[in-house]
Amino acid sequence: MSLNELSTAAEHNLDMKIVLLNNRRLGMVNELQKNGFSQGPYAVHFPTTPDFCKVAEAYGVACKYIEDESQISEAVAEMLAYKGPFLLECKVAPDESTMNQ
């Protein structure tokens, strides 16, 4: 996520919904390195990331952060009911698979 899309969505008040699955990893790259190389992974772990909700709100984009599966239904309903750009950030376990098995 480069964050440029938040600026565009806010500027044009687009009814755009973004779901950010935040595992603090470059998920697919991390998995490819783990599955394809005996050493590594390298340069794919991010111990800190921005507070994406604060960034979204700075652009005027609504945001919700969830960290438990029990919150999904309510959060998605809130996101879909909102008229305008909305970012839903979902905390995901760092080693959760990002690729089909």
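Analyst: Helices (H or I, at least four residues) and strands (E, at least two) are DSSP runs, numbered from the N terminus. This is a predicted model, where local features need pLDDT of at least 70, side-chain atom pairs count only at pLDDT 80 or more, and totals for chains, interfaces and linings use all residues. Residues are numbered from 1 along each chain as its sequence is written, and side-chain values use heavy atoms, with hydrogens and water left out.

User: In what order do the elements of the protein run from the N terminus on?

Analyst: The protein has four helices and three strands. Starting at the N terminus, their order is α-β-α-α-β-α-β.

User: Which cysteines form a disulfide, and how far apart are their sulfur atoms?

Analyst: A disulfide here is a pair of cysteine sulfur atoms within 2.5 Å. A search of the whole structure gives one. The pair is Cys53 and Cys63, with sulfur atoms 2.1 Å apart.

User: Which parts does the pair tie together?

Analyst: The torsion about the S-S bond of Cys53 and Cys63 is about -60°, so this disulfide is left-handed. The pair ties together parts ten residues apart in sequence, because Cys53 lies in helix H3 (residues 52-58) and Cys63 in strand S2 (residues 62-66).

User: Is Cys90 buried or exposed?

Analyst: Buried means under 20% relative accessible area, exposed over 50%, partly exposed in between (1.4 Å probe, protein chains only). Cys53 is buried at 10%, and Cys63 is buried at 15%. Cys90 is in no disulfide; the nearest cysteine sulfur, that of Cys63, is 9.6 Å away. With a relative accessible area of 11%, Cys90 is buried.
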